[in-house]
Amino acid sequence: MIQEAIKCYLQKQKQDYLSPKAVLFDMDGVLYDSMRFHAQAWYETAINHQLQAVKEDFYMFEGRTGESTINELYQRTFQRDATDQEKQDIYDKKAMLFNKYNDGKAMTGAAEVLKQAKSHGLQTLVVTGSGQHSLINKLEHTYPGYFTREKMVTAFDVKYGKPHPEPYLMGLEKAGVKANEAFVVENAPMGVEAGVAAGIFTIAVNTGPLPDKVLLDAGADLLYPDMTNLANDWDNIMKYISVGAGSACP
């Protein structure tokens, strides 16, 4: 399965080899078990502002910047973008609720994945659509020795959020590597789309309520049910990276 995934990636992206030197991690739903709190906070805020939404929307929207999410809801409900004041008001209320609900729990298995990446000499960076200071500022404490602010891409750094490739292209630039010299680890369909659009081998971990098919349809090269399973398979992934494009992928 891993061998086939690598062959398909190389053919799809027209690359001769995969030689990872860095791993670009999404944050919510990958490093923190926080997406359920984001979804709840977004949903409550949307309903309180008479915006059309169901909770599942926010798992599908994950990876967008806050501004983009708010505009999406305003277009759906009122057929217009939100004003700057509306965006500020809604995002502030959403952030307040998120901070109230969030327990700051690290994602099970994430520390093991980071340890595996480091043991193979790979850089570790964060590429998130979040602007939530409460988590961004905590990363270095939760995972000491793995992340620095200089090697993070957040909502404050980009013009276009996921699914646009800009966040992951910026991550490659910060890592000083090419697309075929990195992995992306994502849990959201828009994040997977962004990683694939940036030309990077994209590993999905389905830590939320969406069907696996949503992540596979978004273009994930590999799919795992959680971070623990990814950690347990990391050595196998690294073993197969020297595989060339070879025969056509299935």
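How do the residues of the lining of the largest cavity divide into nonpolar, polar and charged? I note before answering that this is a predicted model.

**Entry 1, empty space.** Rolling a probe the size of a water molecule over the atoms shows where empty space is left. I searched the whole structure and found one cavity of 30 Å³ or more. I read its volume as about 50 Å³. I listed its lining as Tyr59, Glu62, Asn187, Ala188, Pro189, Asn206, Gly208, Pro209, Leu210 and Leu215. That answers my question: six are nonpolar, three polar and one charged.

In soluble globular proteins, nonpolar side chains tend to be buried together. I looked up the largest nonpolar core and counted 44 residues. Phe25, Leu31, Phe147, Phe183, Met227, Leu230 and Trp234 touch the most other members. Helix α12, residues 227-240, gives this core its largest share, six residues. Apart from this core I found another, of 17 residues, including Ala22, Leu125, Val158 and Leu172. I then went back to Phe25 and, leaving out residues up to four places away in sequence, listed its contacts, among them Val30, Val113, Phe147, Val185 and Met227.

I asked which residues of α1 (residues 2-12) are buried. They are Ile2, Ala5, Ile6, Tyr9 and Leu10. These residues lie on the same side of α1, because they cover an arc of only 130° around the axis. An α-helix has 3.6 residues a turn, so residues three or four places apart point the same way. I noted that β5 (201-205), β6 (222-224) and α12 are included in what covers the buried residues of α1. After α1 comes Lys14, with a positive phi near 55°.

Definitions and conventions: Residues are numbered from 1 along each chain as its sequence is written. This is a predicted model: local features need pLDDT of at least 70, side-chain atom pairs count only at pLDDT 80 or more; totals for chains, interfaces and linings use all residues. Side-chain values use heavy atoms; hydrogens and water are left out. A nonpolar core is a set of buried Ala, Val, Leu, Ile, Met, Phe, Trp, Tyr and Cys residues joined through side-chain atoms within 4.5 Å. Buried means under 20% relative accessible area, exposed over 50%, partly exposed in between (1.4 Å probe, protein chains only). Helices (H or I, at least four residues) and strands (E, at least two) are DSSP runs, numbered from the N terminus. Contact means heavy atoms within 4.5 Å. On a 1 Å grid over the protein atoms alone, a cavity is a set of points where a 1.4 Å probe fits but cannot get out, and a pocket is an open set with protein on both sides within 12 Å along at least five of seven lines; lining residues have an atom within 4 Å of a point. Grid points are joined across faces, edges and corners, and a volume is the space filled by probe spheres set on the points. Ala, Val, Leu, Ile, Met, Phe, Trp, Tyr, Cys and Pro count as nonpolar, Asp, Glu, Lys and Arg as charged, and the others, Gly among them, as polar. The arc is that of the directions from the helix axis to the C-beta atoms.
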